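Please keep the structure in view while reading.

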Amino acid sequence: MEEKLLEIKNLSKSFGENTVLKDINFHIKEGEIIGLVGENGAGKSTLMKIIFGMSVIKDTGGYKGEIKVNGKVVNFSNPFEALEEGIGMVHQEFSLIPGFKASENIVLNRESTKKSFLENFFGEGVTRLDVDANTNRSEKAIDKLGLKINSEEVITNMPVAHMQFIEIAREIEREKTKLLILDEPTAVLTEKESEILIETIKKLSKKGISIIFITHRLDEIIEACDKVVVLRDGLMIKSIPTSETNVEEITQWMIGRKVESNKEKTSDKEIDEENIILELKNFNVDMPGERVKNLNLKVRKGEILGLAGMAGQGKIGIANGVMGLYLSSGEVKFKGEDIKTNLPAEPLKKGMFFVSEDRKGVGLILDESIAMNIAYPSIQIKKQFLKSFGKVFNYRDIKEITNNANDYLKKLKIKCMSSEQRVAELSGGNQQKVCLAKAFTMDPELMFVSEPTRGIDVGAKKLVLDILEKYNKENKTTIIITSSEVEELRMICDRIAVVNEGKVAAILPATADIIEIGKHMVGVGGDK
Amino acid sequence: MNVKAHINKLGWPRIIIGLFLASMYISCPFLGLDLKAALNDTFIRFGMNAVLVLSLVPMIQAGTGLNFGMPLGVEAGLLGATISIELGAKGFNGFLVAILFAIIFGIIFGWIYGLILNKAKGGEMMIATYVGFSSVALMCIMWLILPFKSQDMIWAYGGSGLRTTISVENYWYRILEKVLNLKNINFPIGEVIIFIIFAFIISMFFKTKSGLAMKAVGTNEKFAKATGINIEKERIKSVVLSSMLAAIGIVIYQQSFGFVQLYLAPFYMAFPAIAAILIGGASVKKATILNVVIGTFLFQGILTMTPSVVNGIIKTDMSETIRIIVSNGMILYALTRKGEL
């Protein structure tokens, strides 16, 4: 058990000027289970792509440093070479053929064959499949997992958990597989199923297969892994045996940063706790990758509420669902009044507005001028900026539109040549400000702002947050900010709701300890 | 620098085609052709086709694609024309009645057509082509069984059903010139004026709330949705508008041409119009009035000039063959670069 199966030395990777991994060092011994954790964008998936030899890496200039498998330096240029060396990967998204039987999926492209007469004429392509042998092999692989799954069943008829196991079975069916990478395998599973999966992983490791286990659920890491590797912003923060650490410490490493140095929110606002402006009851949103499941949330009038959570946990889905951009169900009450879901015009008319996380896709018409972008919703919903032409046409009032835009150019310090410039030519930060100007022009009572600082530079981030804070104070507008950066939320929010697995895990005051918030994000909040 | 910017704005394809067209006008005197008549021909054809080309704009702007289903709108216009003749309305009134019925049928047909296109999001152009084709087939039956009685339209000697070609000589032939009392001038002033009116209405429309909503749907559907715009409705609106304009366009075409052509005539109506607007610099997603004007002029100019010039050079009459080669060649050229031109 002492042999180093995989060794990574001084591994660095950058995309253009953007360094995503720097000086990563760790190794895996035979039969060891390593947990890999980190926030979104910490570099987990890039690291896995490098190990598995995905072609994106080569295409973007390869990596620096060394990867050794069994003491031999390797540099895979495609996943097939990695498979050849005994590395298997189970991706977060299933890659099974739905209409095929489990056994067919497991042995796909490695089928046992029988000699066929036609082979002599048409070559290997027409060899007959040896169905019995294939079923046998599949069953053996499933057995290895210590499970009972009918290998003759078609994938579409299986529960999600079984599909996950079939994926793993496919990887270990390969004789050579020595290292298995599991990317968020428990994300789609229930608690019970996760437990079975972790048992399975442990069994596999006893059989000498090493495993890299990526998950955001830290309790699973503690439960299953021998060692945990923590990444943050592309750096390896820690590599430590799980027996020597605990969830709290790991969270701290993951979220890290110097916690004390941050300004803490000093609230001088008076918020009436009873005055609920928005209430969500059993709210579900079917947004791919950001599902919201049976969520309940009350938002007080005049506050800034932060929505925190890991990627894929549903925090982004909430605003998109309320605003009718993705299919939703459940009860939405705004100012005590029921809002019909799935009708985008409805919440807008009632006085809500949404600054989308997808700035370029949803937030702006890139080819239009700044002025028009700002005016669009007001024209459509509030019928502003229109003047009448002989009482026949009501057409846009360019002068008013330009005046309004110039107003905001000054107020929000949007850097541009004029309000007639196309928004496509602006920087990310300035585009975001245009989105905010658009929202402010609508003068909403409640504003959703999703990932306001994503993809904009540090200076602009501060500006955008200041603008939001000031707007909240001056106009008494309720703001709900969704952000992946907890630090930001702590700076400007009154309360922070942590969203995990599609539900609100906890609502904390912004003054709460960042570790506390972090723990709720990784699903171990209630432990203490 | 400034010249370069202007060239880029206009686009090389248009400059090359424009130069080619100019060279043909210049060569006219040398080949013994009448330049004035040639120019006049070009303008008449421009006047006949401009509104049909303009009818493509709403659908392009709303992201519903190039209107390959234009024959459907044309059929609505034909119904308008035949009903007007059936009612015996003559002169400018007859023309107005034809337009009125064309608009009514344009709205009805366009609405149904819009519903179909909403079911075929992403593949509009293919579906549109076949909607256009099948509408022609359906109307072929209709022309035979609809109860038209006017002696000027049904088959002679007491037959039933409409003729393939109906003359409007006694009704509203070149009425747009007659109404302006410009009998001796051959230049199509009436058509140009009516085109300018419609072009103005369309460009104003795209500055109204409704027009802006339609444009938003065409340029960024997600943005439109987030702005509370009803996407399906805007798309149907654009299709109705396009079909209506196509119906009006064909009536204008007929009053200039002198004949109402039924049965298979509308079959290929869409292709020359689409080729014209593409040559004018429009793309599948964006079209302006200027694209319409430049495109119609260049396309119709080449179409009128090439046969006569080539005939002049090789001294044999094969104008029809050349016209077919040139028009289909230009359509092919325009469609292959519908994204970039």
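Two strands pair if DSSP finds at least two bridges between them. Helices (H or I, at least four residues) and strands (E, at least two) are DSSP runs, numbered from the N terminus. This is a predicted model: local features need pLDDT of at least 70, side-chain atom pairs count only at pLDDT 80 or more, and totals for chains, interfaces and linings use all residues. Residues are numbered from 1 along each chain as its sequence is written, while chains are lettered from A and ligands numbered from 1 in the order in which they are written.

**Sheet in chain A**
- Six strands of chain A form an open sheet with mixed pairing, in the order β18-β21-β22-β15-β23-β24.
- β18 (352-355) and β24 (503-509) of chain A are at the edges with a single partner strand each, so one side of each has no neighbour in the sheet.

**Strands β23 and β24, with helix α19**
- β23 (residues 495-500) of chain A pairs with β24(A) over six bridges, in the antiparallel sense.
- Opposite A:I496 stands A:L508 in β24(A).
- Helix α19 (residues 514-521) of chain A lies across β15 (304-308), β23 and β24 of chain A.
- Helix α19 of chain A runs at about 25° to β23(A).

**Contact between chains A and B**
- The contact takes 23 residues from chain A and 16 residues from chain B; two residues are in contact if their C-beta atoms, placed from the backbone, lie within 7 Å.
- On the side of chain B that touches chain A, α10(B) gives the largest share, five residues.

Notes
Axes are lines fitted to C-alpha atoms, for helices over the stretch in contact, and angles run from 0 to 180 degrees between N-to-C directions.
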